[in-house]
Structure formats: structure tokens, C-alpha cells
Amino acid sequence: MPTPRFARASVYLAVSFVILLVTLVASCARTEAPPAGQAAAPDPAQLALFAPLPEVTLPAHGADPLVDLGRMLYYEPRLSKSQNISCNSCHDLAKYGVDNEPTSDGHRGQKGDRNSPTVYNAADHVAQFWDGRAKDLAEQAKGPILNPVEMAMPSEHVVLAVVESMPEYVEAFAKAFPGETKPVTYDNLARAIGAFEQNLLTPGRWDAFLRGDGEALTSEERAGLETFLQNGCQVCHYGSLLGGNTFQRLGAVKPYPRSSDPGRFAVTEQEGDRAFFKVPSLRNVGETGPYFHDGGVATLDGAVRDMAEYQLGRSLDAAEAARIVTFLKALTGRIPTDYIAPPVLPTSTEKTPKADISG
Ligand code: HEC
Ligand code: HEC
């Protein structure tokens, strides 16, 4: 259904431009620019574009059967053909949900063509993947297991055979999906992974700041926020995730020379969606490099300068870029260490299919 999707993209664009206008009007109304490097009092109207993460109580291990199953499956390398790649291989939860590679090693070391985005705070994205081709986490989770350059399982049937070969998994599925006559299904497997991922939030000092604690950010970080706002970065990076809400063209005002990825065009087949990507969240961006859909930019400073040039038609001097980087690093939150602690996985039985490292 290309037409409704395209209409949605247009609505996103329209909303973005309204925000841009409001921002520009607001910044024109501000007459006194703070001296360089000094803490500025952020404009409350502009701060209202952002929101803190919800405060959730994470279920302890053993408290929620669906989440517990999802955690096991997330860390389960036997869901891959080689039996040595799990979701955590490319989205390492101890490393802010990424592997810090431009593109990741999948089955037999094959490289995909896109950078692994973080799974932290992903639940609230408008859709999953750089091009938004999966509507939510549960739909997304079905992809990598069967993707020949990722976990490379030959079929859903083989995935289920692995799970069914271990009585502890069969029991865990029965507990997670009570009352279902056939709890072990590929959809339920993906649902469980999605339920585990749903809680992967990383609140931090930025949330305390948005809740009114002005001292939660240092004066350098607040100055960086001011520079971020003055340049209009929030036109696309807004909301509780500073991104994740819209698709935008990489090269919005000046063609981006370093990528030929069709982006969202591959999903909608609308020419107007070429080179459109989901705007990534900026939470934890200080830890999740390299940057962009192709992992083509190594440093945060480089990513910020590219953004100013290609998305906004501005050229930042070194001090401005450094201020923004200081602000972006303040968006690093806390990893939920107990929640992500790797569980003990069931032991293989003689029925468990063997690792296969052929092509
Ligand atoms: C071999 C590396 C690799 C493995 C293994 C892998 N992923 Fe990914 N993941 C990626 C890449 C690359 C992308 C982006 C692909 C794209 O957008 O086209 C991605 C995208 C995602 C996203 C979307 C995030 C966003 O911001 O849009 C989620 C969520 C995710 N993966 C979860 C998982 C889960 C759950 C598993 C295990 C079932 C898994 N991944 C296994 C590499 C991997
Ligand atoms: C017109 C929309 C738009 C504006 C304005 C914009 N961005 Fe972006 N930003 C994007 C999109 C789209 C991407 C993803 C591009 C890609 O990967 O192909 C992105 C990616 C990024 C990334 C890389 C994140 C990652 O995980 O790879 C950073 C950092 C970033 N933007 C910071 C900024 C800053 C700082 C500003 C202001 C100077 C800014 N952006 C302005 C749309 C925008």
C-alpha cells in the first residue's frame, strides 16, 4: 500500500517543518545570546520538544515468564546456523546494544551492508530498521534469524526444531504463553524477544534535567544543548528519544555524496522516499559509533559536522561542533545491568540439530 505510507511520510515532513518554523521564530525572539561557552538557560518552549523516558520497574529474573524466555532467546546462539551468533553478537547489551563495527560479522564472517543500530530504547521507534520495514520489535525479531548473512537459519521449521529439542525451552514457552495449545511457534518466539527488548531503556542525567533538575547537566553540556537548538537539530531529533519518530532524507538540503543506499525507497517504491532513513535516536550516541546507516563516519564530531552541512546547510566551526558533541555525550544513560544479565541456557540434547558452518 504505497499511497497511505507516502501520505504518512508527507505528514511527518509537514510536522517537521512546523516544528522548524516554531523553532526559528522562537530563536529570533531570543535577543540576548549567552557569551560563548557559558551556561545558557534553555528556553522552556524548546525543551517541551523533548520528553524523559517513562519510569518503569523492571521485572527481576524469574518474575515474568515471557520476559525470561525472551532474554534466553536473545542470548541464544543456537538460533543461528553456526550456533555461535546470537542477537547479542551484533547488539551487545553490555555495550549499549551495538558492536561498534561499521557493519557486523554474520554467518561465516559475512558482512551486511548496514550498521547495527542499538536495541536500547528501540521499542518506541515509529518502525524498526533504518528503512522502517518492520512495524515493531516482534516483527523485526523474525528477520535476522533467517537472514542468510546474519544468523542464516534455513527455515522457521529448523528454528522450532532447535527449541523443541530442549525440554526446558518447551516448558518456558508453555509458561510464557499459558493456555495456548501450541505455545512453541515462530511468532511466539519473536513475541518473547520483543517483550524482553521492550524494557531495554537507558534513563540518565538528561531525563533528570528534563524533569526539572537544572544541575543534572554541566554548564558545558547546557551550552552544547543551546548550540544544538540554535542550529535546528531538533527539527528531526526530537521527542523522548531525540529521533526515532520520522523518516528523513540523508542529504535534506545538500546531496550526501558517500552512500547509494536507496533507504526507504526499497520499502515503499516511491521515488520521493529515496535516501530516506529513520532518524536515529541520539540517546547513548556517544557510545554507539561508528555512525549513519552504513557506519561510514567514525567519529561523533564527523557525524555532527555532516549533519550540519547536509541536513541544515550550515558549516559548524570546531568550537560549535565540540559543544554539540559535549551535549550529545550527556545523553548517555544507565544500562540496566541486572535486567540484561545473561541467563543460564538449557543444555542441548541428542535431538538438538548440530552446528552447520557450511555456506
Ligand atoms: C549479524 C548481525 C546481527 C544479528 C545477529 C542481529 N542483528 Fe539486529 N540488526 C542488525 C543490523 C545490521 C540491523 C539494521 C539493518 C537494517 O536496517 O536494514 C539490525 C536492526 C535491528 C533492530 C532495529 C533497530 C532500529 O533502530 O531500527 C532491532 C530491534 C534488532 N536488530 C534486534 C535484533 C534481534 C532481536 C536479533 C536476534 C533475533 C538481532 N537483531 C540479530 C544486525 C544484527
Ligand atoms: C532533516 C532532518 C535532520 C536534521 C535537521 C538533523 N538530523 Fe541528524 N540524522 C538525520 C537522519 C535521517 C539520520 C540518519 C542518516 C543515515 O544514517 O543515513 C541522522 C543521523 C544523525 C547522527 C548519527 C546517529 C547514529 O546512530 O548513526 C547524529 C549523531 C546526528 N544525526 C546528529 C545531528 C545533529 C547534531 C544535528 C544538528 C546539527 C542533526 N543531526 C540534524 C536527520 C536529521
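Biologist: Which residues come nearest to ligand 2?

Modeller: This is a predicted model, in which local features need pLDDT of at least 70, side-chain atom pairs count only at pLDDT 80 or more, and totals for chains, interfaces and linings use all residues. Residues are numbered from 1 along each chain as its sequence is written, while chains are lettered from A and ligands numbered from 1 in the order in which they are written. A residue is near a molecule if its C-beta atom, placed from the backbone, lies within 6 Å of it. There are 26 residues around ligand 2, and C233, C236, Y291, F292 and M307 come nearest. Two or more residues of this shell are given by each of α10 (219–231) and α12 (300–312). Helices are DSSP runs of H or I with at least four residues, strands are runs of E with at least two, and both are numbered from the N terminus.

Biologist: Which element gives the most to the shell around ligand 2, and how do its residues divide by class?

Modeller: Ala, Val, Leu, Ile, Met, Phe, Trp, Tyr, Cys and Pro count as nonpolar, Asp, Glu, Lys and Arg as charged, and the others, Gly among them, as polar. Helix α12 gives the most, with six residues. The shell around ligand 2 holds 19 nonpolar, seven polar and no charged residues.

Biologist: What surrounds ligand 1?

Modeller: Ligand 1 has 25 residues around it, the closest being C87, C90, F129, W130 and P144. At least two residues each are supplied by α4 (87–90) and α5 (137–146), and α5 gives the most, with five. By class, this shell has 14 nonpolar, nine polar and two charged residues.

Biologist: Which residues of α5 are buried?

Modeller: A residue is buried if 20 or more other C-beta atoms lie within 10 Å of its own, exposed if 12 or fewer, and partly exposed in between, with C-beta atoms placed from the backbone. In α5 the buried residues are L137, A138, Q140, A141, P144 and I145. Seen down the axis of α5, they fall within an arc of 155 degrees, so they line one face of the helix. The arc is that of the directions from the helix axis to the C-beta atoms. Their cover includes α4, α6 (156–164) and α8 (186–198).

Biologist: How is the packing of α5 and α8 described?

Modeller: Two packed helices are described by the angle between their axes and the distance between the axes. Axes are lines fitted to C-alpha atoms, for helices over the stretch in contact, and angles run from 0 to 180 degrees between N-to-C directions. For α5 and α8 the angle is about 115 degrees and the axes are 8 Å apart. Their crossing is right-handed. A crossing is left-handed if the near helix is turned anticlockwise from the far one by less than a right angle, and right-handed if clockwise. Two residues are in contact if their C-beta atoms, placed from the backbone, lie within 7 Å. Here L137, A138, A141 and K142 of α5 meet Y186, A190, R191, I193, G194, E197 and Q198 of α8. This contact has six nonpolar, two polar and three charged residues.

Biologist: At what angle do α3 and α7 pack?

Modeller: Helix α3 (residues 65–74) and helix α7 (residues 167–176) pack at about 145 degrees, with their axes 8 Å apart. The contact is formed by P65, L66, D68, L69 and M72 of α3 together with A172, F173, K175 and A176 of α7. It comprises seven nonpolar, no polar and two charged residues. The crossing is left-handed. The buried residues of α7 are Y169, A172, F173 and A176. They cover an arc of only 100 degrees around the axis, which puts them on the same side of α7. Among the elements that cover them are α3, α6 and α8.

Biologist: Where is L242 found, and is it buried or exposed?

Modeller: L242 lies in the loop between α10 and β1 (247–249). Its phi is positive, about 50 degrees, although L242 is not a glycine. With 25 C-beta neighbours inside 10 Å, L242 counts as buried. N100, in the loop between α4 and α5, also has a positive phi, near 60 degrees. N100 is partly exposed, with 15 other C-beta atoms within 10 Å.

Biologist: Which peptide bond is cis?

Modeller: The bond from G289 to P290 is cis, with omega near -5 degrees. P290 is placed in the loop between β2 (276–278) and α12.
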